[in-house]
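User: I am new to this model. Please walk me through it in short steps.

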Amino acid sequence: MSCHLDPSHPLASLRQIQTGVVPAPQVLEHLARCADCEQFVAQELPVDLDRVFGGVLAELHAPRTTLLERVLDRLRLPVWLARSVTAAPALQGSWLACSVVVISLAALAGTLHGRGDVGASVPPLLLLAPCVVAAAVAFCYGPRVDPLFELTQVTPASRTVALLARMGAVMAVNSVVIAVASGLSGGPGAALAWFPSMAAVSLLSAVVAARTRPVVGVGAGLVIWVSTVLAVSSAGLRATSALWGAPAQLCYGVAALGLGVLLVHWIRHERVFLLPQAGL
Amino acid sequence: MRVVVENLSRSFGSSKVLRDLELTLEAGITGILGPNGAGKTTLLRILSTALAPSKGSVKVGGWDLSTPHGRTEARRRLGYLPQEVGYYPRFTVFQLVDYIAVLKELDDRADRHRRVRAAIDAVGLSEVARKRIKTLSGGMRRRVGIAQAIVADPELLLLDEPTGGLDPEQRMRFRRLITSLAADRTVVLSTHLVEDIAAVCTNVVVLWQGRVLFQGQPAQLRERAAGMVWLADTVPESALLSWRTEEGALRVIGPRPTPSAVGIEPTLEDAYLLVTNCALADAQLR
């Protein structure tokens, strides 16, 4: 058989190879399948065709990188870390869309409802922001969240760095959404007052999720945060100053730092994110 | 690469899955054989560093898995196929294998992509390299798992139930692939299929209720059942196990059932059944 002699055959483009023009992908695809043509080209071209075509086909099969991956690449993150971050379940489109909807609704409710004395009531956005981010952080890493978790755990890639990068990316993306919503609604959240409380509640959720399950982590964060808000409200304090004043912010910061250190310590000693018993 | 397991135990709550295991695995293919719940997956997870032991030590190529440095060095040298390979719905075959290759420190993009393609070729999935994994059959997904395990050319290859879901043709292909890979590395595969062990393994470990019942060559395991396998007309109470063969004869494992019973050459499966049933009988007596 000598199919390359057919002038209508894709391999007619061989002349392009010889004249230095980049060959069409279909020619390369064909060469990978047709031993006759591959042999013919090997005789015509003094190069290691297996290597060349293998490489070109691999490039053809290689997936396009996502927008987030390209951004992380620009930030000079190592390839493995960029891939790990973009694979986080809480950074997938559907999850982010849900977060945007919830935050937007909270901001809208605050705008419609908060025309009066905002100091006395809790703005919905400030109440909800920590919960939304806590859920995203609890669902960004771990054996019950990541389908490839077991495989990634047996690679030399650092678990600590991967966890911190995913948590950082999740918090950063959600912070942008919350900041935009706050800015547009013009409420008291515009001054980034929500950030320390969000960090503390998120890290609390992450720590509990790491030792138990993501749902338990989210629940713990939610219960603690809502209890705090209710306690402040029932004590008759002005919510904005009691929950987001300087002393409260300091407490949130210290709590976030402590919880972060604890989480890193646990993961470095592989005491968290343990695989469940096989078959269960 | 040598794997040395000493006094290894693993518990989940009050459930003891592995009990004081002592094992040495050398280059070649070692099959870990055992019934469901014997502890095969837990053992492989510990060898792969995915799980820490409750007690005891594991050394992979001299690296102690109880230290962070030892674990990292071992991870650089091993490939692992878990019992169930998860996947991200948006991932194609190429993307998944490439993702693991990236995590395995294959940093050069062109070289990595060539290796990814070679691994996908080796398991016969070139035609579907660009397809999303969620569209593939269970057997094909299993082969994607094997491809990611071999992509970084590991010195130690750990395969948990590698032939589960593969059709007979693919099972043959897999056996050829594993045999060719085992020439210069250590391959450990866990299975409950005796024919897999008989086909490719140079060593076999029989695990039962978290304990090692046997470790040695398949021929040595077969020898355990010499003089214990019979074709008979009736089944006596002394028989450990018996079943009717396709030819209609009664195959009996145990002491000579009747004076007219004919002794036959034991298979690996006979020997495995004998060893595990003896252990079961001992446990019931205690």
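User: From the N terminus on, how do the elements of chain A run?
Analyst: This is a predicted model. Chain A holds 14 helices and zero strands. From its N terminus on, the run of elements is therefore α-α-α-α-α-α-α-α-α-α-α-α-α-α.

User: What share of the contacts in chain A, at a separation of 6 or more, comes from residues 24 or more positions apart?
Analyst: Chain A has 280 residues, and buried residues make up 38% of them. Take the contacts in chain A with a separation of 6 or more. Residues 24 or more positions apart account for 70%.

User: How many residues are in the largest nonpolar core?
Analyst: Residues with the most contacts inside this core include Ala129(A), Val137(A) and Val170(A) from chain A. Val97(B), Ile120(B), Ala147(B) and Leu158(B) from chain B are also among them. The size of the core is 153 residues.

User: Leaving out residues up to four places away in sequence, which residues does Val170(A) touch?
Analyst: Val170(A) is one of the residues with the most contacts inside the largest nonpolar core. Val137(A), listed there too, is among the residues that Val170(A) touches.

User: Which strands of the open sheet in chain B stand at the edges?
Analyst: The sheet has four strands, in the order β2-β1-β4-β5 (chain B), with antiparallel pairing. An edge strand has a single partner, so one side of it is left without a neighbour in the sheet. The edge strands are β2 (15–25) and β5 (63–64) of chain B.

User: Which residue stands opposite Val4(B)?
Analyst: Strand β1 (residues 3–12) of chain B runs antiparallel to β4 (residues 55–60) of chain B, and five bridges join them. The residue facing Val4(B) lies in β4(B). It is Lys59(B).

User: At about what angle to β1(B) does helix α1 of chain B run?
Analyst: Helix α1 covers residues 40–47 of chain B. This helix lies across β1, β2 and β4 of chain B. Its angle to β1(B) is about 120°.

User: How many residues on the side of domain 1 of chain B that touches domain 2 of chain B are nonpolar, polar and charged?
Analyst: Domain 1 of chain B spans 3–87 + 144–216, and domain 2 spans 221–285. Their centres are 29 Å apart. Eleven residues of domain 1 of chain B contact seven of domain 2 of chain B, and α7 (194–200), β9 (203–208) and β10 (211–216) of chain B each give two or more residues to the domain 1 side. That side divides into ten nonpolar, one polar and no charged.

How values were computed: Residues numbered from 1 in each chain as written. Chains lettered and ligands numbered in written order. Predicted model: local features only at pLDDT ≥ 70, side-chain atom pairs only at ≥ 80, totals over all residues. Domains from an automatic or database assignment. Contact = placed C-beta atoms within 7 Å. Nonpolar A, V, L, I, M, F, W, Y, C, P; charged D, E, K, R; others polar. Pairing = 2+ DSSP bridges. Axes fitted to C-alpha atoms, helices over the stretch in contact; angles between N-to-C directions. Buried ≥ 20, exposed ≤ 12 C-beta atoms within 10 Å, placed from the backbone. Core = buried A, V, L, I, M, F, W, Y, C linked by C-beta atoms within 7 Å.
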